[in-house]
Protein chains: 2
Amino acid sequence: VPSDPGTLPMAELDALIGSIPTASDDVRAAVAADLDAKAQPRRSLGMLEELAARYAAIRHERRPDPPAFALVVAAADHGISRRGVSAYPPEVTAQMVAALAGGGAAVCVLARQAGARLLVVDAGSLADARPDGVLDVRTQRGSGDIVSEPAMNVAEAVRLLLAGARTAGDLIADGATAIGLGEMGIGNSAVAAALTAALLDFPAERVTGRGTGVDDAGLAAKTAAVAAAVQRAHSAPGQSGALHLLAHLGGHEIAFLAGVTLGAAARRTPVVIDGYISTSAALVATSLAPAAASALIASHLSPEPGHALALEHLRLRPLLDLGLRLGEGSGAALTMPIVSAAVAILRDMATFDSAQVTDSGA
Amino acid sequence: VPSDPGTLPMAELDALIGSIPTASDDVRAAVAADLDAKAQPRRSLGMLEELAARYAAIRHERRPDPPAFALVVAAADHGISRRGVSAYPPEVTAQMVAALAGGGAAVCVLARQAGARLLVVDAGSLADARPDGVLDVRTQRGSGDIVSEPAMNVAEAVRLLLAGARTAGDLIADGATAIGLGEMGIGNSAVAAALTAALLDFPAERVTGRGTGVDDAGLAAKTAAVAAAVQRAHSAPGQSGALHLLAHLGGHEIAFLAGVTLGAAARRTPVVIDGYISTSAALVATSLAPAAASALIASHLSPEPGHALALEHLRLRPLLDLGLRLGEGSGAALTMPIVSAAVAILRDMATFDSAQVTDSGA
């Protein structure tokens with residue numbers, strides 16, 4: 001990966017990484033006690049209580065405000081998509097960026113339902129057009145074909161990470177208190193598979209799936225391409241670590257979303273991840289900054305085989321398992337009302353004392 | 001079960017049962033085609049698409065309005081609770097009715113989050129008080145101890161079924177287009193187990209769980225009580241069928257919620273069931289009127305072992321699996337935003353054509 005370390009804003013990235021706190025164990029314990037006092041059998045709201053405690057611990061607040069959600073959908077194109085790893089042609093990325101900007105894409109509908117602010121970011125598409133309302137942070141149009149070349153150079157990776165972190169900061173300054181991740185990019189489930197394989201040391205076969213619907217021949221070609229890309233990245237001279245794997249294998253949208261994750265975590269802001277691709281961005285972020293893992297909330301389990309492995313590595317239990325395989329942040333948006341409900345239980349539910357209900361201690 | 005058939009409004013119940021339509025297969029097929037035209041890989045929104053099609057089919061409308069939810073929480077006491085089948089004493093039912101009326105109970109918080117109208121019904125508690133805002137439909141205070149006597153007579157069962165159906169009709173007349181079920185009643189998971197065992201012919205051991213948290217000795221006592229109650233009901237002379245099993249085994253809140261289910265289904269109104277107890281009410285309703293099964297939407301999977309068996313019998317897949325074991329309609333309320341999201345996808349999402357996105361057919 002060609003890069004001139006002298007021109008990289010590495011000090012800024014290092015400062016960002018160093019500023020990320022872990023979630024508060026003290027707040028988590030205090031919230032667990034608060035929930036035990038609520039007028040219900042202990043832990044009878046199950047994962048909703050774990051979610052409330054996790055959310056509060058990330059915020060470092062025992063009684064956090066109701067979440068104000070933003071959902072960042074980052075798009076990019078991928079050189080590997082020319083190898084038949086997707087059921088769709090690359091031009092669909094640009095078409096979908098326009099649909100996301102126009103309000104008719106699935107995640108637009110779901111974000112409206114969730115009351116989330118939607119921000120569409122072009123992190124590296126091939127599109128000529130820049131639809132109104134899309135934040136264009138491109139340094140390149142499309143990434144390299146990772147089977148034969150790096151996706152981007154390290155300088156680009158660092159710039160996209162920092163751009164993502166700045167965007168998270170801007171959304172938080174505008175009022176967001178929790179941020180969801182979404183993505184769009186033809187070919188990016190192959191890229192997510194390559195990153196997951198390389199970062200977690202899994203063989204390509206275990207982490208490569210059908211994405212939006214390739215057939216058996218497509219799956220075989222995709223798996224072979226993922227294996228070849230990982231092999232190339234691992235054998236490149238003088239390279240190691242998450243930043244170099246990101247530059248070798250990662251897409252622009254994944255780099256940007258990893259930066260959003262870092263920027264949100266640095267500001268004690270929960271990050272609701274979506275499916276396999278956004279989770280690969282979270283893997284990049286937590287490889288760079290392990291403390292960021294404690295800021296994550298897993299929304300749903302994707303049918304992609306690598307997703308469960310990545311979530312297990314991150315010690316996350318997804319809230320939903322609805323067979324979603326669209327991406328876009330659709331699962332993150334669907335989960336937001338559940339996150340709001342968990343916080344509302346913590347804030348608004350009566351205690352045994354306040355409701356004058358007999359507590360058996362069960 | 002003592003009853004005088006001459007005084008029973010059986011004609012009204014029979015007319016209600018006879019008026020229940022099945023969901024529309026034509027609408028379901030049309031909606032599936034509509035969803036296939038949306039700008040996404042086919043079926044990539046998984047269970048959300050099945051939910052949209054099911055909702056529309058129940059409403060017999062290809063493009064239903066956004067759901068307007070009501071949530072009916074029915075409470076009652078149970079003679080069997082004196083046998084140590086619950087971790088809580090019977091007086092908690094009345095205390096919780098007051099908490100439900102006061103707005104501090106868990107489901108009050110969750111219904112507000114979901115934008116659902118909450119109706120609390122006292123269907124048979126021992127309470128002396130009638131808190132403001134609670135609909136009191138009691139004909140008795142507490143049911144019989146089903147180990148040694150019927151829960152109620154057939155006349156009471158019929159009156160509660162019809163009262164539930166009328167309440168559903170009133171809510172629908174007031175604007176509700178989908179109705180969730182919730183319940184509160186110390187001891188009612190034992191009653192649900194007895195009904196599930198009797199209606200589906202399972203041994204007590206397979207359908208009896210820890211409810212809100214009995215210990216091992218409590219579980220053994222509960223299982224034995226359920227087995228004895230079912231044995232008594234089955235061996236009672238001259239009795240058979242769901243109505244008689246309801247009178248022998250069922251609680252007043254379960255009878256009322258079975259009536260809500262029938263009344264909603266008769267008006268093409270989806271019924272969002274909650275956990276084990278509300279599902280036992282749905283079993284009663286669908287045993288009386290098999291067509292009502294097509295009006296059900298399963299919200300969540302309870303840890304109670306009989307719940308999965310009951311849902312399987314009803315051919316329902318729950319949307320959530322969050323380890324909820326509170327009841328009150330908490331799972332139904334948490335699911336409502338997902339139902340709204342499914343309908344919004346159907347109503348508002350762009351098609352490949354309208355969004356000018358290339359359709360690969362995948």
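Trainee: How many residue pairs are in polar contact between chain B and chain A?
Mentor: First, a word on the ground rules: this is a predicted model, in which local features need pLDDT of at least 70, side-chain atom pairs count only at pLDDT 80 or more, and totals for chains, interfaces and linings use all residues. Residues are numbered from 1 along each chain as its sequence is written, chains are lettered from A and ligands numbered from 1 in the order in which they are written, and side-chain values use heavy atoms, with hydrogens and water left out. A polar contact is a pair of N or O atoms within 3.5 Å; within protein, one must be able to donate a hydrogen and the other to accept it, and residues adjacent in sequence count only if both atoms are side-chain atoms. Between chain B and chain A, with both residues at pLDDT 80 or more, the count is 14.

Trainee: What area is buried between chain B and chain A?
Mentor: Buried area is the accessible area (1.4 Å probe) that two parts lose on being put together, summed over both. The contact (heavy atoms within 4.5 Å) takes 54 residues from chain B and 54 residues from chain A. Carbon and sulfur atoms give 68% of the buried area, which is about 4000 Å².

Trainee: Which three residues supply more than any other three of the area that chain B buries against chain A?
Mentor: Together they supply 14% of the area that chain B buries there. They are Tyr88(B), Leu322(B) and Thr358(B).

Trainee: Which helix gives the most to the side of chain B that touches chain A?
Mentor: Helices here are DSSP runs (H or I, at least four residues; strands are E, at least two), numbered from the N terminus. Those that each supply at least two residues of this side include α3 (47–59), α4 (91–102) and α14 (330–348) of chain B. With 9 residues, the one that gives the most is α14(B).

Trainee: How many salt bridges are there between chain B and chain A?
Mentor: A salt bridge is a side-chain nitrogen of Lys or Arg within 4 Å of a carboxyl oxygen of Asp or Glu. Between chain B and chain A, the count is 0.

Trainee: Which residue meets Asp359(B) in a salt bridge?
Mentor: Asp359(B) lies in the segment after α15 of chain B, and its partner is in the loop between α2 (25–36) and α3, 317 residues apart. The N to O distance is 2.8 Å, and the partner is Arg42(B).

Trainee: Is Arg138(B) buried or exposed?
Mentor: Its side chain meets that of Asp136(B) in a salt bridge of 2.9 Å, N to O. Asp136(B) counts as partly exposed at 23% relative accessibility. Arg138(B), at 14%, is buried.

Trainee: Why is strand β1 of chain B largely enclosed by the rest of the structure?
Mentor: Phe69(B), Leu71(B), Val73(B) and Ala75(B) point one way from β1(B), and Ala70(B), Val72(B), Ala74(B) and Ala76(B) the other way. Strand β1 (residues 69–76) is largely enclosed because its buried residues number 8 of the 8.

Trainee: In β4(B), which residue is the bridge partner of Val73(B)?
Mentor: Two strands pair if DSSP finds at least two bridges between them. Here 7 bridges join β1(B) to β4 (residues 178–184) of chain B, and the two run parallel. The partner of Val73(B) is Gly182(B).

Conventions. Buried < 20%, exposed > 50% of the residue type's maximum accessible area, 1.4 Å probe, protein only.
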